[in-house]
Amino acid sequence: MKIIIAGAGDVGFHLAKLLSYESQDTYIVDLDGEKLNYLNNHLDVITKRGDATSVKLLKEIGVSNADLLLAVTESQNTNFTIAVIGKALGVKKTIARIKNPEFLSNDVINFKDYGVDFMISPEELAAKEIKLLLNQSSFNDTVAFENGVFNVMGTTLGYKSPIVDLTVKEAKDKFCMVDFITIAIKREGASQTIIPRGDTVYKLNDQVYFSMPNYSLEKFNHIIGKKHVDIKNVMILGGSSIGKKTARKLCKENFKVKLFEREKDRATVLAEELRHTLVINGDGRDLELLEQENIREMDAFIAVTGDSETNIMSCLVAKSKGVKKTVALVENMDYINISQTIGIDTLINKKLIAASNIFRHIRKGEILALANLHNIDAEVFEFQVNEGAKVTQKSIRDLRFPREAVFGGIIRDGKALMSFGNMQIKAGDSVIVFCLPEAISSVEDFFK
């Protein structure tokens, strides 16, 4: 499969990194020679310095026989132009990164007629992610499959959790009345992700990811030693595109939202657009102002300014004031793995979310959905099982599935089934799989 990525920023780099684990024929185009040198030194990809809107350049790298053109530069207009030119030159499929939400919910213009097959908005995806996190307050990461029939939930184990110091098998035996599967563990201070086995021990401060059917959610808080908190009062720092979209989504679900915006003109515009949000023109980093606006009565604090450090520090202040749930937007992907150690519930990166969403269009297998977990460099897939696929030929325990991957559950006829060793997967099932990058190709082979 030949793939051309226009843009060597964070989205392009993460996509290239995911593709570098496979034998994809990947080209990356950018004007920034320094970014391309970094890619060359770290990934097995082909780089080309230049303007991706150049017809001559696209012809030189063979866009006419490419399967996919990903336009993911910082400029929406540039991405549209690249997609349109690429389609005219013969690429099979185009995806453009955009900012304007009108393009996503438009029924007037069919952008495919102009060469843009699919559009993705990192800001829209980030706002959606924040809303999901607030609806599951006991967890710092959450992914829903088939409208919540199955869920992958992440949380950090505190001293109140009864499974700390137990093995995975001991915990399963002790809480046999609750259906769940432990799919990944990230140990405090460690960079490596653990794919747990029966003798793996849960430790204090582990970031653990569980897969569970919807009927287990309410019972699961006891197992992780946390209480579910109904979040109603939310404070948002930053009237950015993400801040505005998040406020709008939360108000639609009857959350009470206060939003801080430093720029007076911007605050005025937001107040007119967000009729159900209290927009405050002020610096949300001002402790006195936060106290005046009753930060201690807030259930959640979301920091989405354009400055990662401001977002992190503001969330730490909110946490010190007793706010139960904190979410900070960070631009630097290196920050993603530190939320576990600094006391913020969740750090999110809109570009990482976008890259994972785009990545599902690249997969060879029958991918229904794909999600990135915040603290782990890995993916959760939902596969559609076709007739004759290798995964249907033996029971799970006899499949010789890669050790770098684990089954998280099965959805059959709309119902959740646990993917234990004696289960036989059938054609028509949807199967959830947690997978480290190095095992993606091997896992896909099972679903062919």
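**Exercise 1. Find the residues that Phe301 touches in this predicted model, leaving out those up to four places away in sequence.**

*Solution.* 
Step 1. Start with the location: Phe301 belongs to strand E15, residues 300-303.
Step 2. List the contacts. Phe301 touches Met235, Leu237, Leu290, Ile295, Ser314, Cys315, Ala318, Val323, Lys325, Thr326 and Val327.
Step 3. Check the accessibility. Phe301 has a relative accessible area of 1%, so it counts as buried.
Step 4. Between Phe301 and Leu316, 15 residues apart in sequence, the C-alpha atoms are 9.8 Å apart in space.

**Exercise 2. Now take Ser314: where does it lie, and is it buried or exposed?**

*Solution.* 
Step 1. Ser314 is part of helix H11, which spans residues 308-320.
Step 2. The relative accessible area of Ser314 is 7%; buried means under 20%, so Ser314 is buried.
Step 3. Look at the partners of Ser314. With neighbours within four places in sequence set aside, Ser314 is in contact with Leu237, Arg285 and Phe301.
Step 4. Compare with the list from Exercise 1: Leu237 is among the residues that Phe301 touches, and Leu237 is in contact with Ser314 too.

**Exercise 3. Describe how helices H5 and H13 pack.**

*Solution.* 
Step 1. Read off the values. H5 (residues 122-135) and H13 (residues 350-359) pack at about 100°, and their axes are 8 Å apart.
Step 2. Classify the angle. The range for roughly perpendicular is 65 to 115 degrees, so H5 and H13 are roughly perpendicular to each other.
Step 3. Name the residues that make the contact. H5 contributes Pro122, Glu123, Leu125, Ala126 and Glu129, while H13 contributes Lys350, Ile353, Ala354 and Asn357.
Step 4. Sort them by class: the contact of H5 with H13 has 5 nonpolar, 1 polar and 3 charged residues.

**Exercise 4. How many aromatic pairs does the structure hold? Work through two of them.**

*Solution.* 
Step 1. The count is 13 aromatic pairs.
Step 2. Take Phe13 and Tyr38. Their ring centres are 5.7 Å apart with 45° between the planes, and the pair is tilted.
Step 3. Tyr38 is partly exposed at a relative accessible area of 43%, whereas Phe13 is one of the buried residues of H1.
Step 4. Move on to Phe80 and Phe103. This pair is edge-to-face, with 5.3 Å from centre to centre and 75° between the planes.
Step 5. Phe80 sits in helix H4 (residues 76-88) and Phe103 in the loop between strand E5 (93-97) and strand E6 (118-120), so this pair ties together parts 23 residues apart in sequence.
Step 6. Phe80 is buried at a relative accessible area of 14%, while Phe103, at 22%, counts as partly exposed.

**Exercise 5. Which rings are linked into a cluster by ring pairs, and which lysines lie over a ring?**

*Solution.* 
Step 1. The cluster links Phe139, Phe180, Tyr202, Phe210 and Phe220.
Step 2. Lys172 lies over the face of Phe180, 4.4 Å from the ring centre.
Step 3. The charged end of Lys232 sits over the ring of Phe255, at 5.6 Å from the centre of that ring.

**Exercise 6. Inspect the backbone of Asn294 and Asp413: what is the phi of each?**

*Solution.* 
Step 1. Recall the background: most residues other than glycine have a negative phi.
Step 2. Asn294 is not a glycine, yet its phi is positive, about 60°. Asp413 is not a glycine either, and its phi is positive at about 55°.
Step 3. Locate each residue. Asn294 is in the loop between helix H10 (287-292) and E15; Asp413 is in the loop between strand E20 (405-412) and strand E21 (415-417).
Step 4. Finish with accessibility. Asn294 is partly exposed at 33% relative accessible area, and Asp413 counts as exposed at 75%.

Notes. Residues numbered from 1 in each chain as written. Predicted model: local features only at pLDDT ≥ 70, side-chain atom pairs only at ≥ 80, totals over all residues. Heavy atoms only, no water. Axes fitted to C-alpha atoms, helices over the stretch in contact; angles between N-to-C directions. Helix = DSSP H or I, 4+ residues; strand = E, 2+ residues; numbered from the N terminus. Parallel < 35°, antiparallel > 145°, perpendicular 65-115°, else oblique. Contact = heavy atoms within 4.5 Å. Nonpolar A, V, L, I, M, F, W, Y, C, P; charged D, E, K, R; others polar. Phe/Tyr/Trp six-rings, centres within 6.5 Å; stacked < 30°, edge-to-face > 60°. Buried < 20%, exposed > 50% of the residue type's maximum accessible area, 1.4 Å probe, protein only. Lys NZ or Arg CZ within 6 Å of the ring centre and 35° of its normal.
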